[in-house]
Amino acid sequence: MAEKKITAVVKLQLEAGKATPGPPVGSSLGPHGINIAGFTKEFNEKTASQAGLVIPVVVTIYADRSFSFVLKTPPAAVLIKKAIGLDKGSSVPNKTKVGKITKEQIRQIAEQKMPDLNCTSVESAMSMIAGAARSMGVTVVDE
């Protein structure tokens, strides 16, 4: 079978199960001529179980106007906010602290993010997640 020619690769971050043909999906994928309704339906079906999370997706568009997409794990900040029930991070993280997260919660997030992180051990992934938490104004506690 001949290899399909790739015309574009589009990266989006969409709320799980809630993609619509409007912006940002339509304005990002429309110029490439793919079936936007087909993409949104397929994306919503695959992400329905992760409702409430933001899911990064990489859409590969081929010359015959067909497409494929790969779902990534949610951003660390989204997982941290969900773990401690936070609406948003601190606007001044070095002065204003907005919450606390435990090492165990950081381990769970690191294990979930491992496929998309460029690290070899859970411990190094945990330090990356802890750094993201600190930059949001979340204090890491040992309990």
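Here are some notes on this predicted model, going from the whole chain down to single residues.

1. **Overall layout.** The chain has five helices and five strands, and along the sequence they come in the order β-α-α-β-β-α-β-α-α-β. The C-alpha trace spans about 55 × 30 × 25 Å along its principal axes. Of the 143 residues, 36% are buried. If you take the contacts with a separation of 6 or more, 59% of them are between residues 24 or more positions apart.

2. **Leu-14 in β1.** Leu-14 sits in strand β1, which runs over residues 6-15. Its relative accessible area is 5%, so it counts as buried. What does Leu-14 touch, not counting residues up to four places away in sequence? The list is Ala-19, Pro-24, Val-25, Phe-39, Phe-43, Leu-53, Val-54, Ile-55 and Val-57.

3. **The cis proline.** One of the partners of Leu-14 is Pro-24, and it deserves a look of its own. Pro-24 is in the loop between β1 and α1. The peptide bond joining Pro-23 and Pro-24 is cis, with omega at about 5°. As a reminder, most peptide bonds are trans.

4. Asn-44 belongs to helix α2, residues 36-47. Is this side chain's residue buried or exposed? Asn-44 has 18% relative accessibility, and because the cut-off for buried is under 20%, it counts as buried. Leaving aside neighbours within four places in sequence, Asn-44 is in contact with Gly-17, Lys-18 and Ala-19. With Ala-19 there is a polar pairing to look at: a polar atom of the Asn-44 side chain lies 2.8 Å from the backbone nitrogen of Ala-19. Ala-19 is also among the residues that Leu-14 touches.

5. **α3 against α4.** Two packed helices are described by the angle between their axes and the distance between the axes. For α3 (residues 76-84) and α4 (residues 103-113), the axes come within 10 Å and cross at roughly 145°, and the crossing is right-handed. On the α3 side the contact is made by Ala-76, Leu-79, Ile-80, Ala-83 and Ile-84, and on the α4 side by Gln-105, Ile-109, Gln-112 and Lys-113. By class, that gives six nonpolar, two polar and one charged residues.

6. **The buried face of α4.** Which residues of α4 are buried? They are Ile-106, Ile-109, Ala-110 and Lys-113. Looking down the helix axis, these buried residues fall within an arc of 100°, so they line one face of α4. The cover over them includes α3, β4 (99-102), α5 (122-135) and β5 (138-141). Ile-109 and Lys-113 also belong to the contact with α3.

7. **Two exposed loop residues.** Pro-31 is in the loop between α1 (25-29) and α2, and with a relative accessible area of 66% it is exposed. From Pro-31 to Pro-93 is 62 residues in sequence and 39 Å in space, C-alpha to C-alpha. Arg-65 is in the loop between β2 (54-62) and β3 (67-71), and at 56% relative accessibility it counts as exposed. The backbone of Arg-65 is worth checking too: its phi is near 70°, a positive value in a residue other than glycine. Most residues other than glycine have a negative phi.

Definitions and conventions. Residues numbered from 1 in each chain as written. Predicted model: local features only at pLDDT ≥ 70, side-chain atom pairs only at ≥ 80, totals over all residues. Heavy atoms only, no water. Helix = DSSP H or I, 4+ residues; strand = E, 2+ residues; numbered from the N terminus. Buried < 20%, exposed > 50% of the residue type's maximum accessible area, 1.4 Å probe, protein only. Polar contact = N/O pair within 3.5 Å; in protein donor to acceptor, adjacent residues only side chain to side chain. Contact = heavy atoms within 4.5 Å. Axes fitted to C-alpha atoms, helices over the stretch in contact; angles between N-to-C directions. Left-handed = near helix turned anticlockwise from the far one by under 90°. Nonpolar A, V, L, I, M, F, W, Y, C, P; charged D, E, K, R; others polar. Arc of directions from axis to C-beta.
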